[in-house]
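Hi,

Here is the structure I promised to pass on.

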Amino acid sequence: MSSIKPQPGIMDIALYVGGKSSVEGMDNVLKLSSNENPWGPSEDAKEALVRASLALHRYPSTDHAALRAAIGDVWSLDPARILCGNGSGELLMMIAQAYAGKGDEVLFTEHGFAMYPIYANANGAKPVVVAERERVVDVDALLAACTRKTKVVYIANPANPTGTMLGEADLARLADGLPKGAVLVLDGAYAEFVEGYDAGAALIDQRDNVIMTRTFSKIYGLGGLRIGWAYGPQHIIDVLMRLRGPFNLSAPALAAAEAAMRDTAHTAKVRADNAKQRDWMAHALSEIGIPSDVSEANFILARFASEEEAMACNDYLTSQGILLRYVGNYGLPHCIRITVGDEASCRRVVHAITQFKEGAA
Ligand SMILES: *Cc1c(COP(=O)(O)O)cnc(C)c1O
């Protein structure tokens, strides 16, 4: 045994398992396991990426001014209170690093994103899991679980993997009921899929204890480039700035993200196409006895009669070259999360699940 020991909490981290992307011996695999955008990024973003690739000997911008200006223009936010990260994951981690350590508590809910306990443990804080109500974040339960040690509360809105979301009044009640010294983090990875939703911007502007994180990995279709951003009160942004590496985003990523942000027509098209395919798929599955909560995101959480049926269906679909996300590890053993694909993909997945239901497995 080595006498070299990591900080407390680090060895408690269970490694994050991402969505599968291949099936042995099979091509034409349909990957609907990671909430990726089936329509891909904006053409403008791809062109910007190629152009940026011609100057790779240069260090990237360190203040991200052009990208922050683009985000500020499109979302009507003050660029001085925007911070960009290497995926929103980097920013979510930095928030725990800045505000939660040994002796502190980090709250999240039972079906919350699997990275939240990792952010707590990585910083020596105690992860605290709070019950939901019928797959919806429960504000009362969260407030009841708060103590003086509570420093960070993470919720995704809309949530992953449930697809449900809280309205503005509930979010305000949560923010206003937190103990002094606790930060509410609104993880807005799927916020852009919700027509007319400001992701919590108004809430943030009226308080000093709420921050949002956003990503280019979902609606903007740039998961491979790793770009995210946060918007919050100036005092929190000033703290996080000190933790950020000076060159945490590459030049090609910055260029592509700026172009993607400004191509609002592409974003609107993806939002509309996603809603259409999602609602079609949810309806088609409900017709064959597989319900789901109304999803506000780019996936649906299909509920099966039992854990056995969900696992068998997942195995059957894998054998057909269709990869979904079985979410037993999210406390949802009878559920499968299905990313919304393009029209052909949604038809293919519904067809295969119908075959499974008819006894093909
Ligand atoms: C996909 C996802 C993210 C995005 O992470 P990135 O690091 O920006 O790719 C964040 N939170 C949740 C809940 C997600 O599902």
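Val106 sits opposite Val152 in S5. Some wording before we go on: two strands count as paired if DSSP finds at least two bridges between them. Helices (H or I, at least four residues) and strands (E, at least two) are DSSP runs, numbered from the N terminus.

A word on where this comes from: it is a predicted model, in which local features need pLDDT of at least 70 and side-chain atom pairs count only at pLDDT 80 or more, while totals for chains, interfaces and linings use all residues. Residues are numbered from 1 along each chain as its sequence is written, and side-chain values use heavy atoms, with hydrogens and water left out.

Back to that sheet. It is open, with seven strands in the order S2-S8-S7-S6-S5-S3-S4 and mixed pairing. Its edges are strand S2 (82-85) and strand S4 (126-130), each of which pairs on one side only. On average, neighbouring strands here are turned by 20° against each other, direction ignored. Helix H2 (residues 65-75) packs on this sheet and touches S2, strand S7 (210-215) and strand S8 (228-231), with a direction at about 125° to that of S2. Helix H3 (residues 87-99) packs on the sheet too, touching S2, S5, strand S6 (183-187), S7 and S8, and its direction makes about 155° with that of S7. Contact here means heavy atoms within 4.5 Å. Axes are lines fitted to C-alpha atoms (for helices, over the stretch in contact), and angles run from 0 to 180 degrees between N-to-C directions.

There is also an open sheet of three strands, in the order S9-S12-S11, with antiparallel pairing. The edge strands are strand S9 (299-303) and strand S11 (325-326), each pairing on one side only. Helix H10 (residues 264-287) packs on this sheet and touches S9 and S12, with its direction at about 10° to that of S9. S11 pairs with strand S12 (residues 335-339) in the antiparallel sense over two bridges, and Arg325 stands opposite Arg337 in S12.

Now the ligand. Which residues surround it? They are Gly87, Ser88, Gly89, Phe113, Asn160, Asp187, Ala189, Tyr190, Thr215, Ser217, Lys218 and Arg226, where a residue is near if one of its heavy atoms lies within 4 Å. A backbone N or O atom of Ser88 is 2.7 Å from a ligand oxygen atom. A polar side-chain atom of Asn160 also lies 2.7 Å from an oxygen atom of the ligand, and for an N or O atom in the side chain of Thr215 the distance to a ligand oxygen is 2.5 Å. The protein covers 90% of the 390 Å² of accessible area that the ligand has on its own (Shrake-Rupley method, 1.4 Å probe).

Finally, some backbone details. Most residues other than glycine have a negative phi, and most peptide bonds are trans. Ser76, in the loop between H2 and S2, has a positive phi of about 55° although it is not a glycine. A cis peptide bond joins Asn157 and Pro158, with omega about -5°, and Pro158 lies in the loop between S5 and helix H6 (168-177). Another cis peptide bond joins Asn160 and Pro161, with omega about 10°; Pro161 is in the loop between S5 and H6.

Happy browsing!

Notes
A polar contact is a pair of N or O atoms within 3.5 Å; within protein, one must be able to donate a hydrogen and the other to accept it, and residues adjacent in sequence count only if both atoms are side-chain atoms.
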